[in-house]
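This briefing covers selected features of one protein chain. Please keep the sequence and the model in view while reading.

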Amino acid sequence: MSNNDVAVPAAGEAPVVAAEGQQQQQPTRMESFFAMTKSLILRALIIYFVSSFFRKPQPNAPGQENGAAVANAGPKITAWNYFENGTDFDLHVWLSEQPDMVNFQQKANLLWLQEDLTYGDWISGPTGDGIYTHSLKIKASPHLMNNGSVFLHAFVTRAGESPDPQSPRYSRHGHMGHQQHQLNKFKKLRVNRNYNLLASDKEKLEHELKHANLKDQIVSHWHPNLTVNLVVDQTNWAQGSVPAPLDEYVKFVDGGKTYLPIVFVNDYWNLQREYQPINQTTPELELHLTFQPLGMFKWQLYAAKQMKSKWAGNVLGEIMAAGAPEESDEDQDSLKETLLDTNIYLLGVTVAVSILHSVFELLAFKNDIQFWNNRQSLEGLSVRSVFFGVFQSLIILLYVLDNETNFMIRISCFVGLGIEVWKIHKVVDVNYNNQRKILGILPRISFKDKGSYSESATKEYDKLAFKYLGWACFPLLIGYFVYSLIYNEHKGWYSFALNMLYSYLLTFGFILMTPQLFINYKLKSVAHLPWRMMTYKFLNTFIDDIFAFVIKMPTMYRIGCFRDDIIFFVFLYQRWQYRVDLKRVNEFGFSGEMEEQAASKKPAIEAEDTTKKTAAQKKQD
């Protein structure tokens, strides 16, 4: 990144950084891991199918004509590792401001020289685990303090050899392991532009003047820890057959008969919050280097994780990463801390339960659509709750779009709103009047209750339930409106309205199921409910309850996990209380009486058909 592409902070000045979600309660580490695991499962499926769709065919080898058979080519040559087990080697770590060039003549750039190492040795070192460490301080150059970049170059040579081409001890034929890595990382610091909406004009003017010249800045950051891994493996790779992303690290020589030792620079365990900005106040930077041998399996995991950054280089990556790269980094921190600090058995249970949670969500989604698609009668169902569900989904989608959230969350909210809107034409008759258009463009839309809803007592009970619900909800909404307006800061009135409504729905959204409870009570029946969908949702709620006991979290949040259980247990009590109602129609428009009548008529019809057939046969005889 060039200096012209970034904003350079003045010496001694620190930009005002917005703490995203500062006023919202942050989830615990295990909660973030639980949500992150579900998100990874969904992302893995999407990335797999998309990459399979766009996968390009393998190009023909050089020298082959179009349409030539691959079978005519000779057998592929398998390569051997240039370092056999037991080979003595040296580790050279150099510093450079260039990604592809090292000034070996400047000896001060040599950060670490570790000699007398043995390839395949897992028991040497101070702690007997093959690990060596080295700590030093690097003097930050003016180039680095002004948002420049600095690179680490790690070389692995045979014992006594040098990576310097001008040295008489230069490695034979230049055969050595080499990997470069950018030590600094560029992160965006955001300016907090929120303010109290009730502030006076003078205070608002001071706030605007204070932030007028401040812009979101891209600043270079530093992390003191870095690990240099040497992959210990004797796999006989064949040139052109190494799977991605490993093919970027396996370098072949001698016509594909040999591959060089694989050096891997690993910063996966560096937490994002530990990065510190580099400026005039940091003339010296600490660096703690670690050398550690690495097995094939772990190397594949780390390499696959680093491949994620390459998605940002194409259109799909920009879409998938749109919104919140910083948020993604925070999620990664939660995942890493959970992997480091959580008991292995609890971690395994969490992954398994996360998969079940995702499966139950998909099943609930499927059965919800199936229930409304096959529904013939609306008797016993709250139509007003469907319209309020559209309003709730719309508020959630607008809130997600107003804040920097992940692309997958935006898609899920958009799909949820689409399903709620689709339900409208299932519960009411929608009429489009093209003769009286709005602004001369959009047709005027009108709604009319379906006969099965308006002709039954359900409509009156639904209206009465929302009347009682309004008595409880509106005072709470007004109280939260006043509290948020006085004590919280917002980007503007639009953002304030969305935040206020979203937080209110998140806190009291569970009471929207109470109208259905009221209708069930009045009708003394629950045969009209989508019990399959509700069962899957209850299982997910039960999973959340388990984690509320296991995971350390605030008491109020733990209590909030059980509020949906109260509603569902009331549903279960009603199902037990109103067990069988043969007069009540089900979701397919049939009642128990209809089935009994059909069953009683069937033998009579069969007997009549048999009599007619017998009489017809006698006439023929």
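The model is predicted. Its largest nonpolar core has 33 residues, and an open sheet of four strands is ordered β3-β2-β5-β6.

**The four-stranded sheet**

- Strand pairing in the open sheet β3-β2-β5-β6 is antiparallel.
- The edges are formed by β3 (110–118) and β6 (177–182), each of which pairs on one side only.
- On average, and with direction ignored, neighbouring strands of this sheet are turned by 15 degrees against each other.
- Strand β2, residues 88–96, runs antiparallel to β3 and is joined to β3 by six bridges.
- Val 93 has Trp 112 of β3 as its bridge partner.

- Strands β15 (residues 428–438) and β16 (residues 442–449) run antiparallel and are joined by eight bridges.
- Asn 433 has Arg 444 of β16 as its bridge partner.
- Three residues lie between the two strands of this hairpin.
- Leu 439, in the turn, has a positive phi of about 60 degrees.

**Nonpolar cores**

- In soluble globular proteins, nonpolar side chains tend to be buried together.
- Within the largest core, of 33 residues, Leu 111 and Leu 289 have the most contacts.
- At least two residues of this core come from each of β2, β3, β4 (132–139), α2 (142–145), β5 (151–158), β9 (225–231), β12 (263–266) and β14 (284–294).
- Beyond its neighbours within four places in sequence, Leu 111 is in contact with Val 93, Trp 94, Leu 95, His 134, Leu 136, Ile 138, Leu 152, Leu 287 and Leu 289.
- Another core, of 26 residues, lies apart from the largest one; Leu 381, Leu 529, Met 534 and Ile 567 are among its members.

**Ile 77**

- Ile 77 is located in the loop between α1 (29–54) and β1 (80–81).
- Ile 77 counts as partly exposed because its relative accessibility is 45%, and this class lies between the cut-offs of under 20% for buried and over 50% for exposed.
- Leaving out residues up to four places away in sequence, Ile 77 touches Trp 237, Ala 238, Gln 239, Gly 256 and Lys 257.
- Ile 77 and Gly 256 are 179 residues apart along the chain, while their C-alpha atoms are separated by 6.8 Å.

Methods: Residues numbered from 1 in each chain as written. Predicted model: local features only at pLDDT ≥ 70, side-chain atom pairs only at ≥ 80, totals over all residues. Heavy atoms only, no water. Pairing = 2+ DSSP bridges. Axes fitted to C-alpha atoms, helices over the stretch in contact; angles between N-to-C directions. Core = buried A, V, L, I, M, F, W, Y, C linked by side-chain atoms within 4.5 Å. Buried < 20%, exposed > 50% of the residue type's maximum accessible area, 1.4 Å probe, protein only. Contact = heavy atoms within 4.5 Å.
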